[in-house]
Amino acid sequence: MAAGGGDMPDLMGMGEQYWKAWTEFAQGAMQGRSIDWRDPVQAFSRAAGPLGEEAGHAVDALVEQGQRYLGFLQSAASRMGAGQAMNPPNLAELWKQNLGADNALVDAIRAVSAEGARGFEQMADELRPMFEQARGEWMKSLSSPAFGFSREQQERFQALLRAQSEVEQAQAAYHALLAKASRRGMEYFEERLVDRAEPGRQLESARAVYDLWVDAAEQAYAEVAMSPEFRSAYGEMVNAQMRLKSRMQDEINRQAGQFGLPTRSELDGTHEKIRDLRREVRALKQRLADVEAGRGPVTSEGVPSPRRSAPEASAMPRARASSAEPSKRAGAAVTKAAARPVASSAGKSKSATARSARRQRATLVDATDVAPKRAKKGSRKSSKRGA
Amino acid sequence: MMFGPIKITPEKLIEEALRVQQKLGAGLKSLGEVGNYDVGCTPKEAIAKDGKAVLYRFLGESKPTEKTPLLISYALVNRPYMVDLQEDRSIVRSLLAAGHDVYLVDWGYPDASDRLMDLDDYLNGVLDGFVDQLRARCGVDAVNLLGVCQGGAFALCYAAMHPHKVRNLITMVTPVDFQTPDNMLSHWCRDLDVDQFVDAVGNVPGDLMNWCYLTLKPYRLNGQKYLGLIDMLDSPAELTNFLRMERWIFDSPDQAGAAFRQFIRDFYQHNKLIEGGLRIGDHEVDLGRVTMPVLNIFAEQDHLVPPAASRALRDVVGSKDYTEVSFKGGHIGIYVSGRAQREVPPAIDQWLKKRRS
């Protein structure tokens, strides 16, 4: 299987074992023995073993949702078996217990961050150890008398501590709104259940109950997320975190500079120079092409006019790229092939503009290979299951 | 239960659990049979490059019958192989079969050295260079430009800045009014201090962009979707398709800081594309100058680019030949659903062929 990395388990063999185990399990369930209906999902997860990026993430998420869903199935069956009425409040309460969290939305959003997607909270978590490590030194400095350089340093440290405090406040405000959406979601769920409590509109499977809850929860979340309070809280959560990050970067820059290490600002300066040079090269190439083509500048209406920037396009070799698009995760390079300048393949032009454009490009092209795609940026975190 | 919201017996619940377990059991076998889920199915050749951007030409089974090249400008976010995901889900393949000469701008994966690339570099540098390459290569004055999502906003800007180089313009799921009341992304970024944000992060991580998109509908996109995967577990083919989509969803390039800053500030926060006052490099972007024929395709259930955000184009575009196509589906379905394969490429093909003289 394409997704699998390393030694793949014997899935066929495991499938048979799994099925046998499940048959025994199902028989047990029918006989009313006390077993956890979620066990087979966990068995599935174990049997699937470590998988590649996409499959690993998908199976992890499936297992998480499957356990929730089967747990609900079991609880509902058990209560119904005991003769308890499954009226809307009971069902909503049962579902809430099954979610196992007061603020389901926080969990849901944290789950989004698990694989291939990293949110602001995770970014804050990454800053925290560095911050905590330095906090002791800052606190020590703040307790010293403040004169001259020491005073400036103290002001910076105080600002850092304030910035961290603002991050915490902003995150708390954001979470409070998520909690509000969670509560409202449960209210909507119950309301929707009430709507279904009439013949012809009743839910006929636990899966339908799950879907109804998703609809209710999404509705509540959308309402809160589109509110002015949320917009403000979301903005402040991001802004506060960026203020802290910037201050920490400044501090690291300062320390790196003291040790003669390259700093972010130096790198920024270098990148600016590269960008400016690149733009100048474009402009010069364009001017050269205009001169060689013996034509005036081209306006946006199609007549000659000056242009701010000319393309730095290079002719490519006629490489037939693999039909399988390499993704950044695959980290593959585009195939090289014999060079054949673009200009030689240009078709006959019937218009003066096109002829002129072709002449212009013929002066610009040089045969180069396609740059390899970016190397894998960093593979997705390993599967939670496999970890 | 006779009354109440559910009409289920404990036995039915057990049956339901059994069905799930049966699917899980079959899933183990299917996982072993999942085929190759590489992405991008049509052979293509690289024609030109500029920095990390590459201009590709797709190679159809027969020679194109249409002279005017069709250039696809995709978004900077996510990867462009979505338009050519797999054999039975490829807008590109259908357009090639209809005789079009199809090209694609692949913006690549920006790294730290690209963080100062702004929209002027992308549009008046890279895209304009590629358009000139195509004009020269194909011997035409102007190309047909197909912009997708953010790439559609870019195509509009480009067409406004260089109208003589665009013969026909097609926009797909393209935001034009960035502040419609139902636009959650827009709502969230309105109070963002984008200067501070970009100064702090440099390039905007693709993983962070993903997180933002997935948190638009967290229960549906990170929960319900995967529970639904259970239904596909007994079909290796469906499982393969699912995993291919997953690959695309999580394959998100980082965003060049300067371009992101400008896009958030001018498009989302100040809505300049529709309100006016947008400048890219030395050019003023006035959609009134988009006078070539325009085909605007939007998706009715699009949660990323609400239909109203796309429809706004009709009131501001300068073209007298403006057509709208409303697609019954979402932002992703418009590329890859069965309905999309039946409806979208033929709509583009027929619209273009009517305007080729």
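## A buried pair to start with

Arg282(A) and Asp50(B) are both buried (buried means under 20% relative accessible area, exposed over 50% and partly exposed in between, with a 1.4 Å probe and protein chains only). These two residues form a salt bridge, with their closest N and O atoms 2.8 Å apart (a salt bridge is a side-chain nitrogen of Lys or Arg within 4 Å of a carboxyl oxygen of Asp or Glu). The bridge crosses between chains, running from helix α10 of chain A to strand β1 (residues 44–50) of chain B. Helices (H or I, at least four residues) and strands (E, at least two) are DSSP runs, numbered from the N terminus.

Before going on, please keep in mind that this is a predicted model, in which local features need pLDDT of at least 70 and side-chain atom pairs count only at pLDDT 80 or more, while totals for chains, interfaces and linings use all residues. Residues are numbered from 1 along each chain as its sequence is written, chains are lettered from A and ligands numbered from 1 in the order in which they are written, and side-chain values use heavy atoms, leaving out hydrogens and water.

Over all chains, the search finds 37 salt bridges. Another one joins Asp268(A) to Arg115(B), at 2.6 Å from N to O. Asp268(A) lies in helix α10 (residues 264–293) of chain A and Arg115(B) in the loop between β6 and α3 of chain B, so this pair also joins two chains. Asp268(A) and Arg115(B) are both buried.

Within chain A, Glu251(A) bridges to Arg156(A), with the closest N and O atoms 2.9 Å apart. Glu251(A) is in helix α9 and Arg156(A) in helix α7, so the bridge ties together parts that are 95 residues apart in sequence. Glu251(A) is buried at 6% relative accessibility, and Arg156(A) is buried at 17%. In chain B, salt bridges link Glu45(B), Arg57(B), Asp101(B) and Arg137(B) into a network.

## Aromatic rings

There are 26 aromatic pairs over all chains (rings of Phe, Tyr and Trp, the last by its six-membered ring, pair if their centres lie within 6.5 Å; planes under 30 degrees apart are stacked, over 60 edge-to-face and the rest tilted). Tyr234(A) and Trp188(B) are stacked, at 4.9 Å centre to centre and 20° between the planes. This pair crosses from helix α9 (residues 228–258) of chain A to helix α5 (residues 184–189) of chain B. Tyr234(A) and Trp188(B) also belong to a cluster linked by ring pairs, with Phe120(A) and Phe197(B) among its members.

Trp107(B) and Phe154(B) have ring centres 6.3 Å apart and planes at 90°, so they count as edge-to-face. Both of these residues are buried.

Helix α8 (residues 206–225) of chain A has 20 residues and spans 28 Å from first C-alpha to last, close to the 28 Å expected at 1.5 Å a residue (the expected span is 1.5 Å times one less than the number of residues). Of the 20 residues in α8(A), 14 are buried, leaving the helix mostly covered.
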